[in-house]
Amino acid sequence: MSVVFVAASQLPTPFGVFTMHGFLDEATGKEHVALTFGNVADGAPVLGRLHSECLTGDALFSLRCDCGAQLQAALQAIANEGRGVLLYLRQEGRGIGLLNKIRAYELQDGGADTVEANERLGFGADQRDYAICLPMLEHLGIDSLKLMTNNPRKVKALGDMGIAVDHRVPLQIAHNPYNKRYLATKAGKLGHMLGNQHQGETEERL
Ligand SMILES: Nc1nc2c(ncn2[C@@H]2O[C@H](COP(=O)(O)OP(=O)(O)OP(=O)(O)O)[C@@H](O)[C@H]2O)c(=O)[nH]1
Ligand SMILES: [Zn+2]
């Protein structure tokens, strides 16, 4: 795998002071980041999140999705726990890139759901590859996670690459009029586990 560590620094945030580790994927030129809090290399399962880049949700306050709120909730949960990791993966638009995501949004404005829009553009519903996570986690000394996600494909991908997912922690965000259909499509077509439980209420043993 072509992902190499480049440099680390402190990153003060409203949630606490994280350590930011920068990585370069030499094959694609993509720059990925891991934020850690506390000692994550002591062998015990680490509270963690694989967060796929969403410029619109993470930085531009979009209500079309739940990404920005999930990012904040994950960083807050890690700070509350005093120990954890967030991998910020540059897989914008589930791997299709920002401009194609805007094309997909245009089709959604015309009535398509998120999966139909991707397919009409000639893409799969989800083009992400989580292999980039392994060298990042290995560099950080992490081989076991308590994973904050509703996405069963993330749990499976980690297991397949030898990272134990001790259990899954649901990370559910409130509906709004703009993300209601998006969340329904996630549950209906993409297999996301969006039940009635609220964040932190239920921890699922795997
Ligand atoms: N192609 C496409 N990508 C989207 C759309 N909305 C959000 N995304 C991208 O989807 C990714 C987030 O994936 P989600 O499926 O929301 O969540 P997840 O990370 O797989 O699952 P969780 O761990 O449960 O949050 C980010 O890369 C977003 O940019 C959309 O309508 N179309
Ligand atoms: Zn988003």
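In this predicted model, strands E6 (residues 144–148) and E7 (residues 164–169) run parallel to each other and are paired through five bridges. One of these links joins methionine 148 to its bridge partner in E7, valine 169.

Now let's turn to the annotated residues. The unreviewed UniProt entry lists a "binding site" made up of Arg49, Leu50, His51, Ser52, Glu53, Gln70, Glu92, Gly93, Arg94, Thr114, Thr149 and Lys154. These residues span 106 residues of sequence, and they are spread in space too, with C-alpha atoms up to 22.5 Å apart.

| Residue | Location | Relative accessibility |
|---|---|---|
| Histidine 51 | strand E4 (residues 46–52) | 1% |
| Glutamate 53 | loop between E4 and helix H1 (55–59) | 14% |

Is histidine 51 buried or exposed? Histidine 51 counts as buried because its relative accessibility is 1%, and buried means under 20%. Beyond its close sequence neighbours (up to four places away), histidine 51 touches several residues, among them Cys67, Gln70, Leu86 and Tyr88. Asp58 is also one of its contacts, and the side chains of histidine 51 and aspartate 58 are joined by a polar contact of 3.0 Å.

Glutamate 53 is buried as well, at 14%. Setting aside neighbours within four places in sequence, glutamate 53 is in contact with Asp58, Tyr88, Leu89, Arg90, Gln91, Glu92 and Gly93.

Terms used:
Residues numbered from 1 in each chain as written. Chains lettered and ligands numbered in written order. Predicted model: local features only at pLDDT ≥ 70, side-chain atom pairs only at ≥ 80, totals over all residues. Heavy atoms only, no water. Pairing = 2+ DSSP bridges. Helix = DSSP H or I, 4+ residues; strand = E, 2+ residues; numbered from the N terminus. UniProt positions renumbered as here; feature names shortened; annotations may be inferred. Buried < 20%, exposed > 50% of the residue type's maximum accessible area, 1.4 Å probe, protein only. Contact = heavy atoms within 4.5 Å. Polar contact = N/O pair within 3.5 Å; in protein donor to acceptor, adjacent residues only side chain to side chain.
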